[in-house]
Structure formats: C-alpha cells, structure tokens
Amino acid sequence: MTRPLLEVEDLAVEFDTHGGTVKAVRGVSFALHEGQTLAVVGESGCGKSVCVQSLVGLVPMPPGRITSGSARLDGEQILGRETVGGMRVRGQLIGMIFQDPMTSLNPTMRIGDQIAEPLHMHQGMRRRDARMRAIELLELSQVGEAEKRSRQYPFEFSGGMLQRVMIACALACEPRILIADEPTTALDVTIQAQILSLMRDLQRERKMSLILITHDLGVVAQMADEVVVMYAGKVVETGSADDIFYASGHPYTQGLKSAMPQNQDRRAQQLEPIAGSPPDLFDPPTGCGYFERCPRAMQVCEAHQPPDFDLGKVQHRCACWLHDARATHDS
Amino acid sequence: MWRYTLKRLIQGLITVWFIATTTFFVMHFVPGDPLSDARATSEQIRENLEARYGLDKPLYQQYYIYLRNIASGDLGISFTQQNREVNDIIREHFPVSAALGVLAVVFAALGGILWGALTALFRNRMPDVVIMFLVVLGVSVPSFVFAALGQLSLVTLNDWLGVSVLPVAGWGSVQHLLVPALVLGLGTMAFLTRLMRSSMLEVTNADYVRTAKAKGLNATQIFIRHQLRNAILPVITVLGPAIATITTGGFVVELVFAIPGLGRFFVQSVQQLDYTVIMGTTVFYGGFLVFMVIAVDLVYGLIDPRVRVE
Amino acid sequence: MSTANPSELDFSPAPERAPQARLVRPSLSYWQDAWRRLRLNPRAMISLAIVVGLLVFTLVGPMLWRLDPANQDLEQLSIPPGAARTAHIVEPYTAWRREATPGTGLRLASEATTQSVRLVWDAHPSARAFEVFRDIYPPTHPPTQSTQDALGIPLGEISPQDGLAFEDRLALEPITYYYHVVPVGAGNRLLSDARETIEVEVTRAITLEEATQRGLVSTGKKTQVGDEVELAWHPLGTDYLGRDMLARLMYGARVSLFIGIVAPFLYVLLGVAYGSLAGFVGGATDQTLMRFADFVVALPFLLFMILFKVLFGIGPGESGIIPMLIALVILGWPATARLVRGQILQIREESYVSAARLMGSPTGYLIARHMIPNTLGVILVTLTFAIPSAIFTEAFLSFIGMGVAPPTPSWGSMSNEGIKTMLVSPHELILPAIFISVTVLAFNLLGDGLRDALDARMRSVE
Ligand SMILES: Nc1ncnc2c1ncn2[C@@H]1O[C@H](COP(=O)(O)OP(=O)(O)O)[C@@H](O)[C@H]1O
Ligand code: SF4
Ligand SMILES: [Mg+2]
C-alpha cells in the first residue's frame with residue numbers, strides 16, 4: 001500500500017462551555033489516499049465536523065482546544081499551522097464546503113468577488129484576471145450564465161446554485177483535498193444528486209481527494225471508496241465501502257444500515273431507527289460509547305473501552321468486544 | 001429601488017398628515033380654546049390669526065385651511081410676536097440645531113462603530129471590560145447631566161488653564177459646537193457601541209466568516225472585507241430613531257449651552273404658550289424626523305443589496 | 001484505561017439497560033429555573049438589591065426622616081453635604097465706623113463672618129478709584145490677566161475720598177473667598193499689575209435673637225455672644241432655597257418612581273390587551289389595529305409628550321404628575337402591543353394550543369391558560385426596560401420645565417433647579433442626577449439579567 005496523502009492520528013478536541021468541558025473528538029485516526037473519497041458517517045453531534053474543522057484550524061479557539069494528535073499531509077504536520085511548504089493549508093492545500101450554502105456566503109458581496117477573493121489576495125492574480133477565472137470556475141461548477149451570475153448577490157440564488165458557487169469557491173486555488181461537510185443535507189433530493197455527481201466528476205478530473213461527511217448511508221454508497229464510522233467522538237469502524245456495506249462488524253454500523261431506506265431491496269421496507277440518543281460528551285462513558293443502545297452488549301462493554309480489532313481484510317478495523325475471541329455471541 | 005423609494009415617500013407623507021392632524025386636534029382641545037382670538041395679545045396679531053387660520057369658520061373648514069397651508073409650505077404665524085412667521089423662525093434657528101445635530105450624529109455613529117468593533121475584537125479582555133462599563137454608564141445617565149457635566153468641566157478647564165480653551169456657552173464658531181455636540185451624541189454613542197458589539201460578535205460566528213477563513217484569508221482581511229460591512233448594517237437601521245433621540249436631546253443641550261437653536265426656541269414657545277408656533281414647529285419636527293428615517297432606510301438600501309432589488 | 005486483568009473480563013450478555021433516563025438536572029418549572037439563573041447573575045442581583053433599596057428609601061424614608069421638603073432653612077442656603085454647621089453667636093449688626101486698622105496692604109478690619117467682611121487697604125499714587133472683586137476660586141492666573149470674570153464678581157467702585165475701605169455684606173456664605181482690590185487709573189483703566197488679593201475664610205455668624213427664634217438655643221443653658229451653636233442638620237445639604245436635599249430626594253423619588261413604575265405598568269397592560277385582541281381576532285381587525293399602532297409609533301415621542309402637556313395644561317398649584325402619566329400611557333403602548341401580538345401569532349401556530357382548541361376550550365380559557373403564561377416572560381422583560389425609559393422621560397421633561405412643576409420635587413425638576421446653581425454648589429444637580437442614573441442603571445441591568453434568565457436557550461460563554 002502506498003503512503004496515504006493525509007494521515008490523522010489520535011486526534012482529540014475539547015470545548016470549554018458553561019456546563020463543563022465537551023469532549024467532542026476523543027482520539028480519532030484515519031487515512032486518506034490520493035484521488036480517493038473517504039466518507040465520514042455518524043449521527044448528528046458525534047464529532048464529524050469538529051474533527052475535520054480542527055484539521056484546518058477552523059475550530060474556534062477558545063472555546064475549542066486540540067488536546068492531542070497529529071495530522072500529516074505528505075508526511076508534513078499540518079495541525080495548528082497556517083502554511084506548509086509555502087502553501088496555505090486552508091484554501092490552497094485543503095478546500096472546504098459546508099452544510100448550509102444559504103448562510104455560507106457573504107450576503108453583501110458579489111458572487112464573483114467572493115470566488116476571486118483568494119486568487120486576487122493570495123495568488124497575486126490581477127483583479128481582472130481573477131474575475132475572469134471566477135467566471136470560468138462558475139462554468140466549471142455548471143452555473144448557467146456565469147458572467148451575469150458572477151455579478152449577482154447570494155440572495156438571488158437558490159440553495160443548489162449556492163452550493164455550486166461554494167464548490168467553485170473551494171476549487172479556486174486547486175486544493176489537493178476537498179472537504180465537504182454534509183454538502184447536500186440542506187438541499188432537495190433532486191438537487192442533492194446533481195451536486196454529488198458534480199463533485200464526483202470534478203474530483204476525477206482533477207485527481208483530488210475528497211473527504212465527504214454525511215449521515216446518509218445512501219450518499220456513502222454512491223460516493224465513497226473508504227468509510228470511517230464515528231460515534232460519540234470516536235471511530236468505531238473503518239474499512240472499504242464494500243466492507244462497511246456487506247461485512248460491517250460493529251453493531252452501530254449495522255444499526256445505521258437498518259435505519260437506511262434500501263431502494264434495491266424487494267422485501268417490505270422496514271426502517272428501524274436506533275432507539276435512544278448518543279451519550280453525553282460532557283462526561284463520556286469509560287467503556288464502549290454505544291453500550292447503552294447496543295442490542296448485543298456484554299458485561300465487559302460497560303467499563304472497558306474496546307480495542308481496535310482487525311477484521312482480516314485489508315484495513316478493515318472495528319472497535320467492538322464482539323470480535324474478541326472470548327465473546328459469547330458470535331459476530 | 002425607485003418603486004421602493006416612491007413607496008416610502010408616500011408612506012412618509014401619510015405619516016406627516018397623521019402627525020399634522022393629531023397636532024391640530026390636540027391643540028383644538030386645549031382648554032379655553034387658545035386659538036380663539038380673545039387671547040391673542042394684540043389687535044394686529046388677532047387679525048393675522050383670523051386671516052391665516054380662518055378662526056371665524058367652523059372647525060372642519062379651519063382644518064381644511066390648516067392642511068392647505070401646510071401643503072403649500074406655510075407653517076403659520078406667531079401668536080405672541082407680531083408678524084413673526086413660523087417659517088422665518090425655522091429658517092433662522094433650524095440651521096443652528098442642524099449643525100449641532102449633524103455633528104452629534106457623526107460623533108455618535110463613528111464612535112459607536114469604532115468602540116463597538118474594538119470591544120468585540122478585545123472581547124472579555126481589558127479594553128472590552130472598560131468600554132462596556134462606560135457604555136452601561138452612558139445609557140443610564142440622562143442627557144442633561146452630560147450637558148451640565150460638559151459645561152462644568154469646560155469652566156473648570158478654562159479656569160485651571162487661565163485661558164479660554166473652548167467657549168463655555170453661546171454660538172458663533174466651530175469651537176462653540178464641539179463640546180455640546182459631543183455631549184449630545186454621548187448617550188447615542190453608548191447605545192450604538194452596545195449594538196455594534198453584539199452585531200460584531202454575531203458576525204464573528206457567521207457561516208460566511210468561516211467560509212472566508214476556509215478560503216485562507218487572514219484575520220485582518222476577514223475583518224475588513226467580511227465582518228465590518230455586515231456588522232454595520234444593524235447600526236444603520238437604528239440611525240433613524242437615533243437621529244430622533246439626538247434631535248430632541250438637542251433641546252436640553254441648547255438650553256444648557258445657551259445655543260440659539262430651534263429646540264430652545266420650541267421650549268420657549270411652549271413656556272410662553274405660543275400655540276401657533278408650537279403647532280408649526282411640531283409639524284416641522286415631525287416631518288423632518290419622518291423623512292430622516294426614510295433617508296436612512298434608503299442609504300441602508302445602498303449598502304445592503306437585499307433591499308435594493310426587492 | 002482498564003486496570004483489570006483482561007483474563008477477568010466478563011463476556012456474558014449485559015442486562016437490559018435503563019432506556020435513557022439521563023436528565024442531568026432536576027426538572028424545575030419555568031419560573032423556578034429562571035429564578036435560579038437570575039440568582040447566579042451577580043449584576044442582576046445587585047441591581048435587584050438597589051431597586052428594593054430605592055423602594056424602601058421612597059416608602060419608608062420619609063417616615064424616618066421627618067422633615068418637610070418644602071421647609072426653608074434660610075440660615076443654610078445651598079450648603080453642600082457634610083458642611084460644618086456650627087455658628088458663632090455675635091452681636092446684632094451695627095454700622096461700621098471705619099476705625100483705623102493697624103498693618104499695611106489689603107487686610108481685614110475685623111473678623112470675617114457671614115454678617116460682614118470688612119476690608120481696608122493703602123493708598124496707591126495713580127489710583128483715581130479702586131474696584132473690589134470677590135471670587136470663589138483661588139487666583140491662578142498671572143496678574144496681567146485683566147478680564148473681569150477672572151477676578152470674580154465686581155462688588156463696587158470706591159473712590160479714595162470715601163476712605164480706603166470696603167464692607168461686603170452681599171450673600172456671604174461660610175466658605176473661603178478671594179478678594180481683589182484693583183486700582184483704577186486714568187481713563188477708567190484697571191491697573192491689574194497693582195492688584196492686591198486676600199484670602200478670607202468666612203465663619204458663620206448668627207445673632208442671639210435669631211438663634212433663639214430658630215430654637216437653636218436650649219432654654220436651660222445660658223448662651224452668650226462668642227458661644228457656638230449647632231444649626232439644623234442636613235445630611236445631604238440644602239438647595240438654593242435652603243430646603244433639605246434628603247427630604248426632597250425622598251419625595252422626589254416618590255414622584256419619579258410613581259411615574260416611572262405606574263406609567264409603564266399601565267401602558268404595558270394596555271399594550272397587552274390591544275395586542276392580544278389584534279392577535280386573536282386576526283384578519284381585517286388585526287390589520288386596522290396594527291396600522292393604527294404604526295401611526296402612533298410614528299409620532300415623535302417627546303414632542304407629543306410636550307404637546308399633551310400643553311393640552312392638559314397645568315394650572316397654578318398643580319404638580320403635573322397625572323398629565324404626564326396620561327401622556328405616557330397614550331404614547332407608550334404600541335411597542336408592547338406589537339410584541340404581544342407577535343408572540344400570540346407565534347404561539348397560536350404551536351401545536352399544544354391547537355390541541356387545546358380542538359378540545360373545544362373557549363377563547364378566554366385559552367388566553368388565561370396558555371397564552372398569558374407563555375408571554376408573561378416577554379412582558380416582564382418589556383416592563384423592566386420600560387421603567388428606566390419612563391424615568392428618563394420624566395427627568396427630561398421636568399428638566400426642560402415641561403413636566404412636573406416646581407415646587408413639587410421630582411428628580412427631574414430638582415435637576416432643573418440644580419443646574420442654575422451648578423457652578424457654585426454642584427451637589428444640587430449631582431445628587432438628583434445620581435439618583436436618576438443609579439435607578440436607570442439598576443433597572444437596565446435587572447432587565448438584562450431577566451432577559452437572559454428567561455431566555456431558555458443555551459448560551460456559550462459571553
Ligand atoms: N463551538 C462549540 N462550542 C461548544 N461545543 C461545541 C462547539 N462546536 C461543537 N461542539 C460540540 O461538539 C460535538 C460535536 O459536534 P459536531 O462535530 O458539529 O457534530 P457533527 O458534525 O457530527 O454533527 C457536539 O456535541 C457539540 O455540542
Ligand atoms: S463493544 Fe459491546 S456495547 Fe460496544 S458495540 Fe460492541 S458489543 Fe456493543
Ligand atoms: Mg456537522
């Protein structure tokens with residue numbers, strides 16, 4: 001296996017709040033390979049956004065704090081750094097798009113200027129050239145009448161169109177990695193598919209790597225090469241998309257799958273939402289985070305953190321006691 | 001934008017009509033009917049009043065005459081001073097109040113934006129704590145106290161230095177204007193500082209600021225290009241009411257500093273029960289304030305594209 | 001993580017787990033919860049204490065400090081708080097016969113008392129006359145400064161034929177004065193270079209007869225000229241008419257707080273009624289009602305407060321409190337009406353009320369059971385912020401002479417009178433100003449605290 005493009009190890013992030021310290025991310029490790037798509041899945045609030053935002057320094061500090069970990073891009077540490085090898089981490093190495101396109105663009109600035117901004121301010125491009133490039137980028141993101149549109153303001157756009165603008169914005173400096181944090185959650189289903197296929201096309205064209213955050217396994221099936229499943233601030237399972245879909249080893253992943261509508265399935269639809277809610281991250285459990293909701297929990301799970309078990313295949317790992325040789329249930 | 005402007009102007013005219021009507025009927029219900037000629041102070045004035053206000057005619061005709069006069073820009077004639085037109089009074093005294101008011105609004109707006117941005121940048125640190133303490137004081141101290149303290153400190157300063165650094169009262173030069181305008185703007189400045197601070201803090205957490213950061217802009221660029229303009233918007237929306245506050249606050253400052261503005265004249269005419277001048281001046285002030293609010297809204301439209309296209 | 005020996009781990013199935021009973025705090029009612037949050041806010045609690053203190057000051061104060069606020073103490077005009085109040089008993093005033101006084105230069109001919117200050121000085125070769133000035137500030141400027149106001153008030157011009165002496169009996173206070181005697185040369189020019197200055201500390205004097213009249217002399221004891229007597233005690237000083245500041249501040253508090261609390265209470269109530277009506281009836285009625293409210297909002301507030309004061313007219317002997325109250329209520333209600341209407345429209349959307357409506361409850365019940373409790377928080381906050389603004393309005397109007405009429409004390413009318421003597425006795429302005437400011441400050445901070453406490457959203461550190 002080649003060396004990964006991005007390697008995150010043991011990342012932990014906390015927030016100081018009135019109610020105490022929120023341990024939002026508690027020792028997360030994963031790897032992203034050149035030109036591949038890594039999906040990060042998990043219920044809302046399990047630390048996906050905080051995890052990726054901390055990589056590029058977008059977590060507000062204070063109240064946020066990175067307490068441990070490293071993130072290496074081509075072997076170079078990027079955590080807490082503005083530039084690496086003369087390139088800005090934000091924008092030039094890693095581009096980002098966010099969940100809510102309606103609020104993610106400056107309401108009082110023209111679309112074209114917002115895309116051209118980093119080109120003009122950082123790449124030393126002349127203002128006119130930067131504008132021209134912005135229009136090209138809009139065309140690339142399949143925004144019709146790009147020239148006219150570049151002179152408009154965000155409120156004149158629909159949500160789907162704005163997400164295309166966000167993509168154009170993120171691609172402006174041709175980053176090596178694009179992080180998309182739930183890019184389609186706020187959009188209509190039909191628009192969702194368009195945006196996803198746009199992202200996939202652009203990624204292939206530019207040999208970019210993609211980190212796609214979502215809580216929708218359907219999106220994962222459509223896009224991902226590798227999958228990281230997060231729960232309560234921890235990675236509970238990682239593997240290839242096939243591993244996760246056809247041989248998932250963690251009860252939480254299995255729960256997510258049975259909560260997902262499966263269109264290809266002929267049998268009667270039966271959606272089973274996972275009962276209960278994730279644990280309190282002010283005071284995270286000492287044992288398995290999923291213990292309270294797990295249908296197959298054992299006595300050991302309550303107080304003992306399950307280690308990562310290698311599930312035989314390449315890089316398919318799972319943090320669950322069921323894979324211990326002593327487990328009573330068979331997995 | 002043109003449609004919007006037109007709509008606002010028509011609304012403004014209706015509001016002015018409402019103000020004029022309320023003024024008219026309030027004054028007519030004053031006990032003893034002050035507009036009846038019996039109380040006019042001289043023969044000459046009485047004749048003028050009758051001619052101007054149609055006092056011998058029934059109420060609805062008087063109302064009609066009154067509105068017609070206002071529509072033709074005639075705000076009436078004094079009740080106590082011979083041949084003194086309200087229009088002349090306004091022409092003479094309003095520029096003084098306007099100069100004072102404009103300077104006060106500029107002080108208040110610039111100060112509010114500056115201090116507010118500063119406190120937000122230094123959030124919870126020394127400058128923030130100090131300025132916010134002063135702001136809390138500033139919104140709790142009445143304008144006349146500021147005026148009195150301003151004058152007191154001028155007197156003390158002049159006395160202490162033995163030379164007249166700035167005049168203590170009166171009118172005539174820019175120096176006469178500085179301290180009164182500052183004092184007049186102080187309360188509003190405190191209010192705007194508080195608004196600007198919370199608006200800045202809100203903008204700091206806005207999604208588009210995060211986007212700007214993700215694009216690789218540094219803190220200064222984000223502040224100037226993204227935060228400031230958006231944070232100022234709420235400040236502009238309250239400038240209309242702020243102008244009203246400063247206009248009426250001017251009454252006090254003009255009294256304390258003996259500035260011959262319209263506010264002081266208005267207070268005097270109320271004290272002398274110069275009914276026609278009270279009516280005329282009230283309508284003038286009402287119209288002025290209504291159209292200032294509209295002007296501020298139109299300026300807002302220039303800055304916020306969302307209003308412009310509507 | 002686990003210190004246990006792995007071989008001891010128990011891999012048997014776990015029992016059923018309690019289904020998510022993870023409430024961190026005991027469940028409190030809305031109001032208990034708000035009160036708990038308010039108590040944790042030190043600024044709000046200090047403000048609450050100040051408000052309670054003010055109410056005690058207003059309601060209980062006059063019972064403890066039983067001095068008539070209209071009573072004039074003519075011996076002690078405009079005295080600052082904590083001023084000495086001893087007076088020397090002196091002989092009744094007799095005319096000065098200008099006996100020769102030993103010494104040279106500008107000097108006192110006798111002890112300086114509030115009865116009289118007697119100055120004598122020496123001749124000056126080129127003096128056609130002498131101008132005498134009295135100042136309350138020490139002379140800091142070089143003597144070349146020839147402007148008159150730098151020397152204080154001019155007391156009179158003395159021609160040398162009348163003798164080189166001057167007697168000052170003009171409204172003397174027991175403070176330190178600076179007297180300047182300036183020769184006047186040819187052409188009425190002040191010869192400032194030859195000016196002489198003397199610092200004079202004036203002691204308070206009272207005649208035996210006056211002291212007896214005012215009851216300052218205890219009947220049992222024999223008092224004579226040269227003795228000291230204590231004048232009446234004014235802890236916060238007196239105003240320019242000799243009225244006790246503490247008593248006036250207490251009565252002024254009654255007026256200011258009465259207007260400041262009752263008016264907002266009434267207009268918030270009116271606003272709630274109006275807004276509920278609009279919100280409930282809806283449709284065209286709602287439109288009409290709110291359009292009217294818009295117009296009332298558009299009336300320039302202070303101008304119309306003044307107009308209403310003209311309308312109600314304040315006759316002689318009237319205080320002007322009730323007219324101001326009425327005017328405040330007439331102009332103040334629309335903001336609350338808008339707010340309550342908005343709240344009601346919002347709550348009406350929410351499901352629990354529709355559920356109650358489906359079960360056929362009458363409108364009155366709906367209002368009482370669902371709307372009021374849910375809007376009460378907002379109304380309370382509005383009321384708390386309305387109080388300081390009403391106090392401000394009262395002060396502003398009384399200050400420009402359009403509000404509470406003298407002699408009725410209110411903090412605003414006291415400030416109005418205080419500003420006239422501001423330069424010589426600032427306490428007459430500063431004391432009522434402090435009361436206004438502290439009261440407004442307390443209500444503002446209390447309002448902030450209440451708003452935060454009732455705002456159930458989770459807040460991050462601010
Ligand atoms: N600025 C912040 N202050 C306090 N807590 C935060 C902050 N940002 C995130 N958190 C906490 O971190 C946890 C993870 O949040 P997030 O990463 O946004 O979840 P996800 O993206 O998986 O839905 C949440 O419990 C949230 O309360
Ligand atoms: S470790 Fe135990 S509780 Fe956690 S997922 Fe596995 S079986 Fe369930
Ligand atoms: Mg998220």
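Trainee: What percentage of the 331 residues of chain A count as buried?

Mentor: A residue is buried if 20 or more other C-beta atoms lie within 10 Å of its own, exposed if 12 or fewer, and partly exposed in between, with C-beta atoms placed from the backbone. In chain A, 49% of the 331 residues count as buried. Keep in mind that this is a predicted model, where local features need pLDDT of at least 70 and side-chain atom pairs count only at pLDDT 80 or more, while totals for chains, interfaces and linings use all residues. As for labels, residues are numbered from 1 along each chain as its sequence is written, and chains are lettered from A and ligands numbered from 1 in the order in which they are written.

Trainee: How many helices and strands has chain A?

Mentor: Helices (H or I, at least four residues) and strands (E, at least two) are DSSP runs, numbered from the N terminus. Chain A has 10 helices and 14 strands. Its radius of gyration, taken over C-alpha atoms, is 21 Å, close to the 20 Å from the globule rule (2.2 Å times the number of residues to the power 0.38), so chain A is as compact as a globular protein of its 331 residues. Along the principal axes, the C-alpha trace of chain A spans about 70 × 45 × 45 Å.

Trainee: Which residues are closest to ligand 1?

Mentor: For a shell like this, a residue is near a molecule if its C-beta atom, placed from the backbone, lies within 6 Å of it. Ligand 1 is surrounded by 16 residues, and the closest are F15(A), A24(A), K48(A), S49(A) and V50(A). The surrounding residues come from chains A and C, so the site is shared between chains. Two or more residues each come from β1 (6-17), β2 (20-32) and α1 (48-55) of chain A, and α1(A) gives the most, with three.

Trainee: And how do the residues around the two ligands divide by class?

Mentor: Here Ala, Val, Leu, Ile, Met, Phe, Trp, Tyr, Cys and Pro count as nonpolar, Asp, Glu, Lys and Arg as charged, and the others, Gly among them, as polar. The shell around ligand 1 has eight nonpolar, seven polar and one charged. Around ligand 2 there are 12 nonpolar, one polar and one charged; C288(A) and C294(A) are among the closest of its 14 residues.

Trainee: Let's move to chain C. What is the order of the strands in the open sheet of four?

Mentor: Two strands pair if DSSP finds at least two bridges between them. The order is β5-β4-β7-β8 of chain C, with antiparallel pairing. β5 (153-158) and β8 (196-201) stand at the edges with a single partner strand each, so one side of each has no neighbour in the sheet. Five bridges join β4 (residues 129-135) to β5(C), and F130(C) has I158(C) as its bridge partner there.

Trainee: Is A127(C) buried or exposed?

Mentor: Buried, because A127(C) has 21 C-beta neighbours inside 10 Å. A127(C) is found in the loop between β3 (117-120) and β4 of chain C. Contact means C-beta atoms, placed from the backbone, within 7 Å. Leaving out residues up to four places away in sequence, A127(C) touches P160(C), P183(C), V184(C) and G185(C).

Trainee: How many residues of chain C are in contact with chain B?

Mentor: That's 35 residues of chain C, in contact with 37 of chain B. By class, the chain C side has 27 nonpolar, eight polar and no charged residues.

Technical notes. Contact = placed C-beta atoms within 7 Å.
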